[in-house]
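This briefing goes through a few local features of one protein structure. Please look at the sequence and the model first.

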Amino acid sequence: MSIKTYADAGVSIDKGDKFAQFVASIKSKAVSKSIGGFAGGIELDIAKYKNPVLLSTTDGVGTKLLLTREFGIYDTIGIDLVAMSVNDLIVCGAEPLNFLDYIACGKINDKILKEIIKGVVKGCEESDCILVGGETAEMPDVYSEEDYDLAGFCVGIVEKDKMLPKKNEIKRGDVILGLPSSGIHSNGLSLARKVITEKDKLGRATLLKPTKIYVKQLKKLIATGMVLAAAHITGGGLEGNFNRTIPNNVRAAFNYSSWKTPDIFKKIMKDGGISEPEMRKVFNMGIGIALVSHKENVNTLLSVARKEGFDLIVIGDLK
């Protein structure tokens, strides 16, 4: 075969450019008009900050993307991509500002990529974040034509003295509260996909439910000044992630019967014969965010949640 052009080698610059133009044309407050340049950004209003701190996060969606190919459903994985980064920012007290995506593939498929980016935009809308740019890399010698991978990057801002966790204020007797998860989110899929067989289409389809975005809920709670720490429950489970936010002189005592474990986790446990300790180590088990507050402030936080229309549960305390 004679290779005389980049297209002959498997890379289409024209398709990449057209996809970038499509992203720039999306009508949404969550899409920056600067898309298409060499860098993207937003105006930064620092007048309301005394000591602003910029925080950055990056993450992917793991092997969950294999399920999108299996079912031909691509419009939710972008929500997962945004969620994994913005949730990490908001638990630090940082308001997400801008987001960038990286899509690598063996061959640009306009239909699939457009569905993916629609999910990214929706995730940005849900988190009050702006999609300011990204990169689409066509790499035929690395990926097969059907393969693709995703990565996301996000920047947020927070006043230095409002950063979480506030470990010096956390003490024994403080209460642990939880925001429920929407399901498996984007962690533990390598195990879940092997436990729930391909014959069980309904069970595997449940795994595609997108990661919940907690930015707006946590903004309301953090604004009270009563949240001392918050943890995004991802790989490593509730204890593994929560323990990163508390000082060494206290320990978390969780009441696992205080919330309803989603059926998907019960199914994984039963179908795979997975032990409960292993399940708790790998999956969120129904809690997407865990946070700490002094006991005397708990009722206020619960009241805020009720007023705003979301669930907040007391799930334990610190010993």
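In which loop does Asp 128 lie? Asp 128 lies in the loop between helix 4 and strand 3 (130–138); helices (H or I, at least four residues) and strands (E, at least two) are DSSP runs, numbered from the N terminus. This is a predicted model, in which local features need pLDDT of at least 70, side-chain atom pairs count only at pLDDT 80 or more, and totals for chains, interfaces and linings use all residues. Residues are numbered from 1 along each chain as its sequence is written, and side-chain values use heavy atoms, with hydrogens and water left out.

**Backbone**
- Asp 128 is not a glycine, yet its phi is positive, about 55 degrees.
- Asp 128 is partly exposed, with a relative accessible area of 34%, whereas His 185 is buried at 2% (buried means under 20% relative accessible area, exposed over 50%, partly exposed in between; 1.4 Å probe, protein chains only).
- His 185 also has a positive phi, near 60 degrees, and is found in the loop between strand 5 and helix 5 (189–195).
- Leu 164 and Pro 165 are joined by a cis peptide bond with omega of about 5 degrees.
- Pro 165 is placed in the loop between strand 4 (148–159) and strand 5 (175–180).
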